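Here is a friendly note to read alongside the structure. Take the points in order, and keep the 3D view open as you go.

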Amino acid sequence: MAHLEALSGHYDVVVIGGGVVGCAVARRYALAGRRTLLIEKAPDILSGASKGNSALLHTGFDAPADSLELWCMQAGYREFMAIKDRLNLPILRTGAMVIAWNGDEREQLAAMADKARANGVADVRILDAAGVREREPALAPAQGALLVPGEHVIDPWSSPLAYARQAVAAGAWFAFDTELLGGEA
């Protein structure tokens, strides 16, 4: 339960929800010197949708061009790569393949590669069936794939925990078991 004295007073920023985005936002504002409060209705961080995230560090290769989604993915990617060593965040440099299981899907690979390059992900390349087998010999027979080397797997728990710990160290307050039922400006 949050201490009432922690919740009293004025804050520059109030973040609602202690998922991965909420923890990252609280970190960002606390590091910028803003008086920050994060409110979470559960007893701990990552109690909602974030606890089931895919753990992918996504390049945005397939996001809609010139979209907010693409901007957010790529900004988050750059920031994670910039802070991962300092915060001791694990990363598996796996790359990814978008598999073409049939001829129709194989025909779409060139357009997917063009979209990726238009989105600023220049290191993608198309693999033929032999290239897929060489990388993943245990995979069912595929007709080809789009290789996206910059896609990686991260630990979906350690990143938000590191963000929250750094936010608290920078002066942010986290209020758990605290549900926001209304508000006014």
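1. A buried loop residue. Leu-46 has a relative accessibility of 4% and therefore counts as buried (buried means under 20% relative accessible area, exposed over 50%, and partly exposed in between, with a 1.4 Å probe and protein chains only). Leu-46 sits in the loop between strand S2 (36-39) and S3. Helices (H or I, at least four residues) and strands (E, at least two) are DSSP runs, numbered from the N terminus. The phi of Leu-46 is positive, near 60°, in a residue other than glycine.

2. What you are looking at. This is a predicted model, in which local features need pLDDT of at least 70 and side-chain atom pairs count only at pLDDT 80 or more, while totals for chains, interfaces and linings use all residues. Residues are numbered from 1 along each chain as its sequence is written, and side-chain values use heavy atoms, with hydrogens and water left out.

3. An exposed loop residue. Is Asp-66 buried or exposed? At 80% relative accessibility, Asp-66 counts as exposed. Asp-66 belongs to the loop between S3 and H3, and its phi is positive, about 55°, although it is not a glycine.

4. The largest pocket. The largest pocket holds about 860 Å³ of space. On a 1 Å grid over the protein atoms alone, a pocket is an open set of points with protein on both sides within 12 Å along at least five of seven lines, whereas a cavity is a set of points where a 1.4 Å probe fits but cannot get out; lining residues have an atom within 4 Å of a point. Grid points are joined across faces, edges and corners, and a volume is the space filled by probe spheres set on the points. In the lining of this pocket there are 28 residues, and Val-20, Val-21, Cys-72, Gly-76 and Tyr-77 lie nearest its centre.

5. Who lines the pocket. Helix H2 (20-31), strand S3 (56-57), helix H3 (68-83) and helix H6 (158-169) each bring at least two residues to the lining of the largest pocket. H3 gives the most, with 10 residues. By class, this lining has 19 nonpolar, five polar and four charged residues. Here Ala, Val, Leu, Ile, Met, Phe, Trp, Tyr, Cys and Pro count as nonpolar, Asp, Glu, Lys and Arg as charged, and the others, Gly among them, as polar.

6. A cavity as well. The structure holds one cavity of 30 Å³ or more, and the volume of the largest cavity is about 50 Å³. Its lining is made up of Ala-129, Val-132, Arg-133, Glu-136, Leu-139, Ala-140, Pro-141 and Ala-142. Six of these lining residues are nonpolar, none polar and two charged.

7. The nonpolar core. Which residues touch the most other members of the largest nonpolar core? Among its 21 residues, they are Tyr-163 and Phe-174. Strand S1 (13-16), H2, H3 and H6 each supply at least two residues of this core, and H6 gives the most, with four. A nonpolar core is a set of buried Ala, Val, Leu, Ile, Met, Phe, Trp, Tyr and Cys residues joined through side-chain atoms within 4.5 Å. Apart from this core lies another, of nine residues, including Ala-100 and Val-148.

8. Helix H6. The 12 residues of H6 should span 16 Å at 1.5 Å a residue, and its end C-alpha atoms are 16 Å apart, which agrees; the expected span is 1.5 Å times one less than the number of residues. Among the buried residues of H6 are Ser-158, Pro-160, Tyr-163 and Ala-167. Setting aside neighbours within four places in sequence, the contacts of Tyr-163 include Val-20, Arg-27, Phe-80 and Leu-89 (contact means heavy atoms within 4.5 Å). After H6 comes Gly-171, with a positive phi near 105°.

9. Ala-172, in the loop between H6 and S9, counts as buried at 7% relative accessibility. The C-alpha atoms of Ala-172 and Leu-38 are separated by 7.6 Å, with the two residues 134 apart along the chain. Ala-100, in strand S5 (residues 96-100), counts as buried at 0% relative accessibility. From Ala-100 to Asp-128 there are 28 residues in sequence and 9.5 Å in space, C-alpha to C-alpha.
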